[in-house]
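Let's take a walk through this one together. Have the sequence and the 3D view open side by side, and we'll go step by step.

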Amino acid sequence: MDYALQQLVNGLTLGMIYGLIALGYTMVYGIIGMINFAHGDVFMIGAFISLISFILLGMGGITAVPIALVLVLAIAMCFTALYGFAVERVAYRPLRGSFRLAPLISAIGMSIFLQNFVQVAQGARVKPLEPVVTGGIVLMEGGTFTVTISAMQIIIILTTLVVLTIFTLIVARTPLGRAMRACEQDQRMAKLLGIDVDRTISLTFVIGAALAAVAGMMYLLYYGVIDFFIGFVAGVKAFTAAVLGGIGSLPGAVLGGLLIGLIETFWSAYFSVQYKDVAAFSILALTLLFMPSGLLGRHDVEKV
Amino acid sequence: MAQAGFPAIVKDAGLAALVALGVGAPLLGLQTVPGERGLDLVTRPGLLLATVCAVFVGRLLLGLFLANRRSAARSAARRAADAPPRIGLTPMQRVGKMVAPAFLALAVLMPVLPGIGRYEIDLGTLVLTYVMLGWGLNIVVGLAGLLDLGYVAFYAVGAYGYALLAKFFDLSFWAALPLTGLLAAAWGIILGFPVLRLRGDYLAIVTLAFGEIIRVVLLNWTSLTGGPNGMSGIPRPTFFGLPFSMSGGEGTFAGFFGLEPSPIHRVMFLYYIILALALITNFVTIRLRRHPVGRAWEALREDEIASRALGLSVVAVKLTAFATGAMFGGFAGAFFATRQGFISPESFTFIESALILAIVVLGGMGSQLGVAIAATLMIGGFEVFRGLDEYRMLVFGLAMVAIMVWRPRGLISSREPSVSLGARRNVGAEHVAEGKG
């Protein structure tokens, strides 16, 4: 029981990270109907930029933890958003209107490029970061097992909730959010009504990348080590989360992320760590087979 | 799109350079290096500056080039509108008809040409392996229009299938070869059966997931596959029962034919095996295209809904394509295992799938000759830049994007349809999109 509760805490933390990445997949899929294969690598770049900012701040003498965290978050979001912008501009925009699989293939190329770019620019070695926040709260003192929630986990969960709230407000209340939803429903009609579709799509990528940067920073804080390859597996899992939640649905992405995080954590805790990726990949296949529109997704019919 | 005046182009290049500065600043301008405690940072302003300048100049040249081409294209379009429609083969297609036999002759004679050593034959074998894989995947992607990102799984099934058959049942390469093909085809059906109802890009991701699952299982099932250490001591192929041995004894290849024993014999033999396997793949593909099954594949690629309306069993048609492609992947895998004598899960990563897919895409999905040329260019290019290991993958990724942007239909961008009613029109790669959205 204690053990399961601890796994629940761990799984929720991990699920928050997946949910943040999954939002990027689901937004892009909703608006232009493509799988942004390079999104996992944008997340990895967010983690690297966070790492570099932490070191920079440390060298600059800013060591007060709350200030450092907020600054790093801001820097990582800005620069990673720029990556999202550049990727869309270089690899996807010229292909709009091309045949359906062209953007996917281009995205695979972009993913390979980003991975190797970071490998060449920053080295292939694993990069460690000293724990920024330590300590935690004991939730339950059992006989043999103590359930704790670390300060880091609290920060991750709280930050994610705040970011998600802001994000939801942007989509629901601002003109930009309205334009995004309009483009998702009917691009041609949106264009006729004076919405700059290209700009809206660009901003979708920018927001998706900024969310991925938050996820990257949380990943860095949580695990303490990153390398240039983390984006691939995290990306596939986050995509699984997006599909599980119903691709195109924003609450679905977060829900799917949480579920994937929980399933993975419980699988590792009770079955085997080696096969935890198999668990996530199998869920992807099973969801697509039996519930292709996901938990909260719309069911769409292919028309002639 | 801004009007293509010179100031606009300069402004555009300036903006691109600004973005490059922002993108490059954290990752190129600063590098993390292991320091005394934790990581330290070093600055690299020179590299950053060079990159920004390169982006500026590149974007400027591109802008000028595009502006030029746009005005040229406008006048060309005006001329084309007046010209009568072209009938029959274009000059390019006529040259194309000569290229294939020339390639074939070169491939057959390559090992015995003067000045060709062991290294060249080995490289030729590698290229032909990828040609075969490209042709195998071409059945799935190019003909049936199903994007398979996990093709390497079948390659792995073939390789491990042969290694295990040799280890546990003591089968020789020739006895095991048909079995590995069957095994891979069976896996193609097992994996394909549930997923083939999915739409194009979902199918791509699920096949990718299956490829990864197979790799993870190979990596962790240590008792059967040796895990990360792989399997070694895989038996080499024999020439009708005559092994290639350096002893030169009565029962060996060299001894039987009264030749001086030399390691080059086996290298050449392996080369001809893969050449034969690749040609079989090609031959079967060309024949199948005229077969009802092949026609059904292409019909499915053109329009899934129409095919279904005409009574084709979509799942069965897709399964045959998947299984046929998988079978050739399995053959290639068995060959890979016997050539290397050692296999490990390292050889079957996602990047291999991406490489094979890139060959098919660059070759112009559906074109046999294009795939062969693309494999030669790609593997040859990799070999030339072997010294720059990290950079070649960097360029590979960028090249994939660039091909999609500039030439999304590949090198051989169109071909005559296998069957057509009335006027013949060329088939473009845009049909490789099931359902067309």
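This is a predicted model: local features need pLDDT of at least 70, side-chain atom pairs count only at pLDDT 80 or more; totals for chains, interfaces and linings use all residues.

Now zoom in on two helices of chain B, H14 (residues 350-363) and H15 (residues 368-384), which pack with their axes 7 Å apart and at an angle of about 125°. Angles from 65 to 115 degrees count as roughly perpendicular and those over 145 as roughly antiparallel, so H14(B) is oblique to H15(B). The crossing of H14(B) past H15(B) is right-handed. Who touches whom here? On the H14(B) side you'll find Ala358(B), Ile359(B), Val360(B), Leu362(B) and Gly363(B), and they meet a group in H15(B) that includes Gly370(B), Val371(B), Ile373(B) and Met378(B). Sorted by class, this contact between H14(B) and H15(B) has nine nonpolar residues, two polar ones and no charged ones.

H14 turns up again when you look across to the other chain. How many residues of chain B are in contact with chain A? There are 49 of them, and they touch 53 residues of chain A. Among the elements giving two or more residues to this side of chain B are helix H1 (6-29), strands E1 (30-34) and E2 (39-43), helix H6 (173-195) and H14. By class, the residues on this side of chain B are 35 nonpolar, nine polar and five charged.

Conventions: Residues are numbered from 1 along each chain as its sequence is written. Chains are lettered from A and ligands numbered from 1 in the order in which they are written. Axes are lines fitted to C-alpha atoms, for helices over the stretch in contact, and angles run from 0 to 180 degrees between N-to-C directions. Helices (H or I, at least four residues) and strands (E, at least two) are DSSP runs, numbered from the N terminus. Angles under 35 degrees count as roughly parallel, over 145 as roughly antiparallel, 65 to 115 as roughly perpendicular and the rest as oblique. A crossing is left-handed if the near helix is turned anticlockwise from the far one by less than a right angle, and right-handed if clockwise. Two residues are in contact if their C-beta atoms, placed from the backbone, lie within 7 Å. Ala, Val, Leu, Ile, Met, Phe, Trp, Tyr, Cys and Pro count as nonpolar, Asp, Glu, Lys and Arg as charged, and the others, Gly among them, as polar.
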